[in-house]
Amino acid sequence: MSPFTGSATRTADWEHLRVRIADGVATVTLARPEKLNALTFGAYADLRDLLAELSRERAVRALVLAGEGRGFCSGGDVDEIIGATLAMDTAQLLDFNRMTGQVVRAIRECPFPVVAAVHGVAAGAGAVLALAADFRVADPSARFAFLFTRVGLSGGDMGAAYLLPRVVGLGHATRLLMLGDPVRAPEAERIGLVSELAEEGRADEAAAELARRLADGPALAHAQTKALLTAELDMPLAASVELDASTQALLMNGEDYAEFHAAFTEKRPPKWQGR
């Protein structure tokens, strides 16, 4: 995403999210614990806009997405979203569904790794937000449920039919999206939906440790790796190899590549600059 901005100033306060940025790590918390962090129109829009701002500023090198209280996110708020959408016309519904997809695209396309810290329920849109992250660190209490067919909608919501088969395979994805059955943490780890199964009560801490490790590493290398993982999902091998070659040639002209060689020669840890 381009770092250039127009007249808009940086957002000082996010009404629907709790945001903390410290030493290159952003922690974004869904903070409606009384509603199991159910998403509202405003929460979707804030996530979309926050990720765009952080991507332009280039001050964040890793992001943790977490939920306050008993669960990660129970999906769209039944009253504030599902009830409201029943009164919308097709154009309004298309605008809403495009916005939710923009959130997933923002997670996939931001130039820093996103770590989802999942405990308790991650259902519906909450499951897709976790799915879109680069890493999913889960508490043993975590359970994922792609509930869209349970409310009479397609299981392919917010890019789930694109992302989930690429994470767990077509067979598991078909079962999860068609039936909407919950997947608890041990099975989620077995099928590859969970990146790391944390000790009980330590998902947020483990996610923060992983984010810290990523933020302390070569940020530009991480950004380009993420970009290639997303871009090459649908490329033929020849195009992928060519894109890899072009990317590596650019990075080999970077300061971090030279810094690795200097650090290796001087027998010291590299001092990554993200350039």
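The second largest pocket is lined by 27 residues, and those nearest its centre are R58, P111, A219, L220 and A223. The model is predicted, so to speak of local features a pLDDT of at least 70 is needed, side-chain atom pairs count only at pLDDT 80 or more, and totals for chains, interfaces and linings use all residues. Residues are numbered from 1 along each chain as its sequence is written, and side-chain values use heavy atoms, with hydrogens and water left out.

A word on terms comes before the rest of the pockets. On a 1 Å grid over the protein atoms alone, a pocket is an open set of points with protein on both sides within 12 Å along at least five of seven lines, while a cavity is a set where a 1.4 Å probe fits but cannot get out; lining residues have an atom within 4 Å of a point. Points are joined across faces, edges and corners, and a volume is the space filled by probe spheres set on them.

Back to the second largest pocket: its space comes to about 500 Å³. Helix α9 (219–231) and helix α3 each put at least two residues into its lining, helices being DSSP runs of H or I with at least four residues and strands runs of E with at least two, numbered from the N terminus. The biggest giver is α9, with eight residues. Sorted by class, the lining holds 15 nonpolar, five polar and seven charged residues; here Ala, Val, Leu, Ile, Met, Phe, Trp, Tyr, Cys and Pro are nonpolar, Asp, Glu, Lys and Arg are charged, and the others, Gly among them, are polar.

With 13 residues at 1.5 Å a residue, α9 should span 18 Å, and its end C-alpha atoms are 18 Å apart, which agrees; the expected span is 1.5 Å times one less than the number of residues. Its buried residues are A219, A223, K226 and L228, where buried means under 20% relative accessible area, exposed over 50%, and partly exposed in between, with a 1.4 Å probe and protein chains only. The cover over these buried residues of α9 includes α3, β4 (114–118) and α10 (237–251), and contact here means heavy atoms within 4.5 Å.

At least two lining residues come from each of α2 (78–85) and α3 (90–109), and α2 gives the most, five residues. The lining splits into twelve nonpolar, nine polar and five charged residues.

The largest cavity has about 40 Å³ of space, and its lining is made up of V28, L47, L50, L51, L63, L65, I107 and V114. The elements giving two or more residues to that lining are α1 and β3 (62–67), and α1 has the largest share, three residues. By class this lining has eight nonpolar residues, with no polar and no charged ones.

Three aromatic pairs are found in a search of the whole structure; rings of Phe, Tyr and Trp (its six-membered ring) pair if their centres lie within 6.5 Å, and planes under 30 degrees apart count as stacked, over 60 as edge-to-face and the rest as tilted. The ring centres of Y44 and F96 are 5.9 Å apart and the planes stand at 75°, so this pair is edge-to-face. Since Y44 sits in helix α1 (residues 41–57) and F96 in helix α3, the pair ties together parts that are 52 residues apart in sequence. Both Y44 and F96 are buried. Ring pairs also link F41, Y44 and F96 into a cluster.

R32, in the loop between β2 (25–30) and α1, counts as buried at 18% relative accessibility. Neighbours within four places in sequence aside, R32 is in contact with N37, A38, T40, D77 and E80. Most residues other than glycine have a negative phi. D23, though not a glycine, has a positive phi of about 50°; D23 belongs to the loop between β1 (17–22) and β2 and is exposed, at a relative accessible area of 59%. K267 is not a glycine either, and has a positive phi of about 55°. K267 lies in the segment after α11 (255–265) and is exposed, with a relative accessible area of 74%.
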